[in-house]
Amino acid sequence: MRKIAKILLIAMIFSFFATACGSVEEEVFDLEFVKDSEKTDLEGTTIKYMRTTSGQASYSDFDQVLGYEVNTILGDLALQRIRDVEAELNCKFDIEYFSGDTPYNSFRMNNSIGEYYCDVFCGISDRFREDMKAGGLMGLSELDDYIDFRNEEKWGSRNILEVLYWEDDVYGLIPMSWPTSSVSYTGLTIINEDLIASIGAEDPRDLFENGKWTWETFRDCLEKYFIQEGSEVKQYAITAQYLGNYGENYILSNGYRLAEKGSDGKYKSGLHDSRALTAMIEAQDVVFGPLSYTVNYDVDPAESLISGTTVLGVLHYAEYMTDRIVKEMNNFGLIPWPSGPDVDPGFIATNHHNLERAIVISRYSPNVDATAIALNALYEPFEEYPDSGAIKEFLYHTFFFDRRDADVYYDMFLSSQYSYFSSAPWASLSGWIENGQTPTEYIEANIDKIEEYIEKEISPSKRGVEAVWGE
């Protein structure tokens, strides 16, 4: 906040001298909020903040404050932060929590006719794509005097925020420096550590740590983990909610990118890369080939893990880990998908369909500057958790049994790429394993519509990233 006040004070001094000299046209700055060089006063401005309480994972709503359950450590910190910012900046947050789609629709409708609905909206990221493209949201480069949106540790890295980039700017952020507030991705693999111990198998976390968690060793593990007595399957090696979860994990674990920039400067599908075909062939062979008896799908992996009927479980959304696994399992571990032959051992890759807690600022807010100032102050890191190392320590002590689990949980999100939910490129992650076609047949049948979508939707987002970061 001192930095903001100094910036505005410098601007005020510059404006004064420019006027006095009369040699240049006076630049107009909004200085209403500056009272002195040490304090910013928003003069009682009320900031209307709409915030969803539910997400794509459909986990249970709870009484919350800024995404944290009330009467918890983080909930108390968030509540105190609201009070502190209101007192320090002389403003008021009017926060309305909701579930369902009605507020999204109202926000979009008001934006379409250029009318105010709220100052800040926090919700599922792809609900804001049309508002962003239509000009209803503030580009963050327009607010960089107030929000350092290039601070990726505080506001989210460019690969994670791709859904919120468009042509020449970024139009939203996530509170990345707040523990667990923004983490959202697919494909996290949970280990039932009790079952691993009962069969005397090596912990997959040790294999990963030693650079041996690969497709080859994974095949060996599938055979070791599966147990059948007579005609009864006692435990599967691995279980997933959907067949497509296997497809997504395999193709990403060998370095697949949904869109890659070619030498001509245009983006094209990663299906042109041989790494994709290698992964597709491997996945189909494991899921439908000689080891298919060890693999289960169309079953709730969380339920299977908790009941002890699977050694590994692939969560469709990582949020299920904090919602169910930590509450109902006594001993579990986390692991990325094993790495393919065309990447380095220990390679981590996953994807996110959406960001659960994307924050956008309405262009039609009558208090844009005040909103940006207050939002920046609100989402400063908590003093107790000042950086990613402290956040990982919190995760370890709160949720996990091993420090390595905190690293995996956090680092998988940092490495994830946006998969353009319900689009042709998103389908390319798993459609080839779900529809019975060979990989080559799938690529030939779908590549044109995939690349048409890339040109229409993905390339403008990539250009936005390049415009902001100069790359």
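**Ground rules.** I'm working with a predicted model, where local features need pLDDT of at least 70, side-chain atom pairs count only at pLDDT 80 or more, and totals for chains, interfaces and linings use all residues. Residues are numbered from 1 along each chain as its sequence is written, and side-chain values use heavy atoms, leaving out hydrogens and water.

**Val-120.** I looked this residue up and found it in strand β7 (strands are DSSP E runs of at least two residues, helices H or I runs of at least four, numbered from the N terminus). Val-120 is buried, at 1% relative accessible area (buried is under 20%, exposed over 50%, partly exposed in between, with a 1.4 Å probe and protein chains only). Leaving aside residues up to four places away in sequence, its contacts (heavy atoms within 4.5 Å) include Ile-47, Tyr-49, Ile-359 and Leu-375. Ser-365 is 245 residues from Val-120 in sequence, yet I get 8.4 Å between their C-alphas.

**Strand β19.** I checked the pairing next (at least two DSSP bridges between strands): β7 (residues 120-123) and β19 run antiparallel, joined by four bridges. Gly-123 has Ala-358 as its bridge partner. In β19 (residues 358-361), Ala-358 and Val-360 point one way, Ile-359 and Ile-361 the other, and all are buried.

**Helix α13.** Which residues of α13 are buried? I noted eleven of the eleven, 368-378, so the helix is largely enclosed by the rest of the structure. Among them are Thr-371 and Leu-375, both of which touch Val-120.
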